[in-house]
Amino acid sequence: MPTAGGENIHGVAGFYPYIRAEAVDIVMPDVKYCGGILELKKIAALAETYHRPFAPHDCIGPVGFVAAVHTSFSQPNTLIQESVRATWNLRAAKIAAYHKATMVPDLLLKKSDYDADKIHFSKSG
């Protein structure tokens with residue numbers, strides 16, 4: 001079973017030993033604690049170098065969540081964007097439907113079914 005971790009690690013220098021030692025399968029930095037958006041992007045790039053997926057952590061509030069989502073879109077090794085608040089997922093889906101960018105709900109809710117016409121989410125297992 002893959003392990004994910006890193007939400008309390010600071011900066012690229014903090015992540016490097018964990019990634020190099022293969023201590024985590026999925027790199028999960030938190031934008032608030034890792035050092036901001038630029039550091040989050042650097043950590044994602046480091047993870048990509050070691051063929052590790054990137055899945056930003058979310059327990060930081062709406063501003064940090066949006067920062068993490070935007071960073072996730074810019075990284076080729078993004079696995080999923082964690083979200084622990086269902087109302088934010090629904091808002092993101094409405095924005096995505098408005099802009100016809102279905103990547104947003106797919107990224108936020110990988111294990112959900114999405115109907116762009118009805119803005120409806122249903123758990124699929």
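Modeller: Helix α1 is followed by Glu22, whose phi is positive, near 55 degrees. This is a predicted model, in which local features need pLDDT of at least 70 and side-chain atom pairs count only at pLDDT 80 or more, while totals for chains, interfaces and linings use all residues. Residues are numbered from 1 along each chain as its sequence is written, and side-chain values use heavy atoms, with hydrogens and water left out.

Let us begin with the setting. The protein chain has six helices and four strands (DSSP runs numbered from the N terminus: H or I for helices, at least four residues; E for strands, at least two). From the N terminus on, their order is β-α-β-α-α-α-α-α-β-β.

Now the helix itself. In α1, residues 11-20, the buried residues are Gly11, Phe15 and Ile19. Buried means under 20% relative accessible area, exposed means over 50%, and partly exposed lies in between, with a 1.4 Å probe and protein chains only. An α-helix has 3.6 residues a turn, so residues three or four places apart point the same way. The face turned away from the buried side carries the exposed residues Ala13 and Arg20. The cover over the buried residues of α1 includes β1 (4-5), β2 (26-27), α2 (31-34) and α3 (37-49), where a contact means heavy atoms within 4.5 Å.

Back to Glu22. The side chain of Glu22 meets that of Arg52 in a salt bridge, at 3.8 Å from N to O. The term means a side-chain nitrogen of Lys or Arg within 4 Å of a carboxyl oxygen of Asp or Glu. This pair links distant parts of the chain, 30 residues apart: Glu22 is in the loop between α1 and β2, and Arg52 is in the loop between α3 and α4 (62-73). Glu22 is exposed, with a relative accessible area of 55%, whereas Arg52 is buried, at 15%. The structure holds one salt bridge.

A charged residue without such a partner is Asp30, which is buried yet has no salt bridge. Asp30 lies in the loop between β2 and α2. The nearest side chain of opposite charge, that of Lys32, is 7.1 Å away (Lys and Arg count as positive, Asp and Glu as negative; His and the chain ends are not counted). The backbone nitrogen of Lys32, however, lies 3.0 Å from a polar atom of the Asp30 side chain.

Technical notes:
Polar contact = N/O pair within 3.5 Å; in protein donor to acceptor, adjacent residues only side chain to side chain.
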